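Hi,

Here is the structure I promised to pass on to you. Have a look at it first, and then read on for what turned up.

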Amino acid sequence: MWRKAFVGALLALTVGYFYHTDPELPERLLQYLAQPPPSPEGAPSTPTIEQMISNAWEALITAPARQWSRVAVGVNACVDVVVSGVGLLQALAVDPGVGRDHEVLHSKEDLRETFIHYMERGAAAERFFNDKETFQRIARAAAEYPGAQLYVGGNAALIGQKLASYPQLMVLLCGPVGPKLHEMLDDQIVVPPESLQETDEFHLILEYKAGEQWGPTRAPQANRFIFSHDMANGEMSTLETFVASLEDFRPDLVVLSGLHMMEGQGRELWEERLKEAVVAISDVRNEVPIHLELASMTDKDYMNSIMQEVIPIVNSIGLNEQELLFLSQASSGPHSELASWDGVPDVGRVSDILLWVLEQHGRADPESEADLTRIHFHTLAYHILATVDGYWGNQVAAVAAGARVAGSQACGLQSIDTTKVALRAPREFHSSYSEPRETLSLNPAEPVTVYRRGNVTFYLTPVLVCKQPLRTVGLGDAISAEGLLYSEILQQQ
């Protein structure tokens, strides 16, 4: 009997000693004991949550009943020069400092401050550089910087490239296409002769990695800062050529981008040019759906003008979390009091703004004369497709396809490698930020969550985020292109 008591006392003393030296030991022991036993050799292992989502996507992503055959894309196109942002600024003898946003860049100091402002937030942004000579000196330094890479650039050209990777599609691209860009474009892309110009437009893309440090600034996630001195795209000079070419090309889908480029030209120019853009867009045949791809902007008056004049005359828009919040701020919409998103954007708040756009500037109201019936929203952790009921089909596949390409392209792969991605989406979320609201949860086996508010249906899917992204530029364009490829517009009675 005394032997059992002695062993028990010794065991208690031993556990007490280890607890004193390592207080977390009992918790780790419990975690270890709670783990499932290892699979016998040769037996299939339990799939990770990333594998479950990826496998479920493959079953969900199916082609629509009616597919596009001819897609016209315009009107911003350029050559992207991609470099390390911190490396280039150091090469320009620019020191780190305090971040501050500038709507238009006039100097290297403006560039430094604006770059830091967005790097410390891990946010993407795009700005116009007003000084031509200074920009050209920076562009030369960027092109000569070790490791600098040249790519097809501009939302329209990037969307065109993505669409052209599908051999059944004929793609028309209209924009300022110089010799270098023309050489890099897919052979399947048709460029009208009127779009060709003698010199290329260059955009500088300053990338940074997650955790990258410059002075006191540390990037919370990988992203990029884009700037240019691009007058052709800035004036949307090929818009009329684009619309005129549609008559001969006869597309069954039109994709428009580049409105953000006019922001840096000043109010007088953009006011006049926006009116001309509205007239040009209105000339597109009624039966041809138009998708508008938005991009980073800072002028609330300009964004509000786009909201009032352009968004109601297109059928679909694509945008990210910054553009969605700025759109609400420019028009005093839901949650416009937020200065910025704090971490992963709240699903309920995002849903509130998407619904407001479709109700106020779209056709959620059956009596409305607006054409907007679809919004493709994307942020790092998840995507949402919101559509007015009865206008679009195959949206479960479309939102899943957009998320799939985000995870694969960021890693520089053709398909998802589940060992190189991670789930960062919330496991539980709400259909609205305020009551009444529905509590929803993520199911890895059925990774598209569908919920409704009035006559608007929301399709949410997580993104499998690349742990070490190789290139972030053009992800939004690839997401929108892929979402459109798997979408179909329903015939209206």
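Ala93 sits in the loop between helix H4 (85-91) and strand S3 (104-105). This is a predicted model, and in it Ala93 has a positive phi of about 60 degrees, although the residue is not a glycine. Ala93 is exposed, with a relative accessible area of 66%.

His335 also has a positive phi, near 60 degrees, and is likewise a residue other than glycine. Its place is the loop between helix H13 (321-330) and helix H14 (347-360). Is His335 buried or exposed? His335 counts as buried because its relative accessibility is 12%, and the cut-off for buried is under 20%.

Next, the backbone has some cis peptide bonds to look at. One runs from Gly74 to Val75, with omega near 10 degrees. Val75 belongs to the loop between strand S1 (70-74) and strand S2 (78-84). Another cis bond joins Glu435 and Pro436, with omega about -5 degrees; Pro436 is in the loop between strand S19 (428-430) and strand S20 (439-441). For context, most peptide bonds are trans.

Which element gives the largest share of the lining? That is H15, with 5 residues. Elements that each supply at least two lining residues include S2, strand S5 (149-153), helix H7 (155-164) and strand S8 (202-208), and helix H15 (395-410) and helix H16 (475-485) are also among them. By class, the lining has 21 nonpolar, 14 polar and 9 charged residues.

H15 and H16 also pack against each other, at an angle of about 145 degrees and with their axes 8 Å apart. Their crossing is right-handed. On the H15 side, the contact is made by Ala398, Ala401, Gly402, Arg404, Val405, Ala406, Gln409 and Ala410; H16 brings Leu475, Ala478, Ile479, Glu482 and Gly483. The classes in this contact are 8 nonpolar, 3 polar and 2 charged residues.

Note on methods: Residues numbered from 1 in each chain as written. Predicted model: local features only at pLDDT ≥ 70, side-chain atom pairs only at ≥ 80, totals over all residues. Heavy atoms only, no water. Helix = DSSP H or I, 4+ residues; strand = E, 2+ residues; numbered from the N terminus. Buried < 20%, exposed > 50% of the residue type's maximum accessible area, 1.4 Å probe, protein only. Nonpolar A, V, L, I, M, F, W, Y, C, P; charged D, E, K, R; others polar. Axes fitted to C-alpha atoms, helices over the stretch in contact; angles between N-to-C directions. Left-handed = near helix turned anticlockwise from the far one by under 90°. Contact = heavy atoms within 4.5 Å.
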